[in-house]
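Please look at the sequence and the structure first.

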Amino acid sequence: MKRHLISAADLSRDDALLILDTADELAKISERSIKKLPTLRGRTVVNLFFEDSTRTRISFEAAAKRLSADVINFSAKGSSVSKGESLKDTALTLEAMGADAVVIRHGASGAPHRLANWVRGSVVNAGDGTHEHPTQALLDAFTMRRRLGSLDGRKVTIVGDVLHSRVARSNVLLLATLGAEVTLVAPPTLLPVTVDSWPCEVSYDLDAVLPKSDVVMMLRVQRERMNAAFFPTEREYSRRYGLDRERVAKLHDDAVVMHPGPMNRGMEIAAEVADSPRSTIVEQVANGVTTRMAVLYLLLGGADLGGEIQ
Ligand code: NCD
């Protein structure tokens with residue numbers, strides 16, 4: 001496994017399966033009343049968040065703490081970043097504190113890649129601009145595996161604002177590595193121009209794709225990243241690309257509905273669908289902790305968990 005996790009493409013099939021299998025082992029810990037292992041005692045994990053986050057930030061913190069690491073949480077608001085300090089100077093400060101791993105979320109695509117040149121520890125990308133979010137893809141794959149078994153040959157449909165979604169890009173790359181077949185469904189205005197080179201299919205007809213899907217992953221319409229009108233009205237978007245009860249009825253019985261959160265309930269996904277038994281949305285959050293534990297554990301040099309979990 002590489003030292004950093006910046007893109008889902010950094011993971012070979014063996015790496016990805018090792019992370020998912022390790023997460024399976026670690027999930028046993030999460031079911032205990034004492035959810036802690038001594039594995040990363042004395043190690044320091046820094047969470048460096050320049051962009052807002054709820055689930056990702058909290059789950060990285062929980063993951064590091066459950067492995068007994070020392071955790072430093074840094075958010076750009078209230079730090080010297082708001083005084084204009086550069087990413088490089090922030091990195092040098094972290095370096096001086098001896099961070100073993102730096103988890104970074106940043107509005108600029110490529111920021112984790114830059115950071116990796118400046119620090120000695122492992123860099124984990126927790127979302128960079130519209131580029132990648134590899135641990136989200138890992139927790140999604142983990143969730144799919146738990147519900148459906150092996151991902152080989154599984155049909156995964158990813159729907160919505162692909163253009164602004166780092167979740168979509170990382171999922172397409174990881175799912176291809178794991179042997180799943182991905183179809184993207186979006187209005188043409190919300191697909192990146194480079195999508196032809198991605199290892200997936202593209203469709204504009206959600207109703208036609210649903211009956212063949214094992215997984216439907218809905219993406220948030222990311223208004224904060226939109227500087228133009230990408231679709232006529234919200235109503236029109238929901239009518240063509242939203243997942244409501246009538247559309248869910250087209251899925252086969254075992255198919256699951258996913259969403260990375262945060263959701264625009266009533267827009268890309270109806271509230272009753274988000275809260276239905278097919279939905280894995282709450283599981284995805286819980287699985288985020290175990291998957292991120294596995295990532296931190298393996299990046300910081302862990303190998304066989306056998307001796308740790310008794
Ligand atoms: C996503 C993100 O931040 O990229 N959320 C997450 O990490 N759970 C998706 C989004 O913001 O829509």
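Q: How much area do domain 1 and domain 2 bury between them?
A: This is a predicted model, in which local features need pLDDT of at least 70, side-chain atom pairs count only at pLDDT 80 or more, and totals for chains, interfaces and linings use all residues. Residues are numbered from 1 along each chain as its sequence is written, and side-chain values use heavy atoms, with hydrogens and water left out. Buried area is the accessible area (1.4 Å probe) that two parts lose on being put together, summed over both. Of the area between domain 1 and domain 2, 54% is on carbon and sulfur atoms, and the total is about 2,400 Å².

Q: Which residues make up domain 2, and which make up domain 1?
A: The bounds come from an automatic or database domain assignment. Domain 2 covers 136-280, while domain 1 is made of 8-133 + 285-309.

Q: How many residues does each domain give to the contact?
A: The centres of domain 1 and domain 2, taken over C-alpha atoms, are 26 Å apart. With contact meaning heavy atoms within 4.5 Å, domain 2 gives 26 residues and domain 1 gives 30 residues.

Q: How many salt bridges are counted between domain 1 and domain 2?
A: A salt bridge is a side-chain nitrogen of Lys or Arg within 4 Å of a carboxyl oxygen of Asp or Glu. The side chains of Asp24 and Arg145 form such a pair, at 2.9 Å from N to O. Between domain 1 and domain 2 the count is six salt bridges.

Q: Which element gives the most residues to the side of domain 1 that touches domain 2?
A: Helices (H or I, at least four residues) and strands (E, at least two) are DSSP runs, numbered from the N terminus. Those giving two or more residues to this side are strand E3 (101-106), strand E4 (122-128), helix H11 (281-299) and helix H1 (13-30). With nine residues, the element that gives the most is H1.

Q: Where does the chain have a cis peptide bond?
A: Most residues other than glycine have a negative phi, and most peptide bonds are trans. Pro262 lies in the loop between strand E9 (256-258) and helix H10 (271-274). The cis bond, with omega near -10°, runs from Gly261 to Pro262.

Q: What is the phi of Ser68?
A: Ser68 is placed in the loop between helix H2 (55-66) and strand E2 (70-75). Although Ser68 is not a glycine, its phi is positive, at about 70°.
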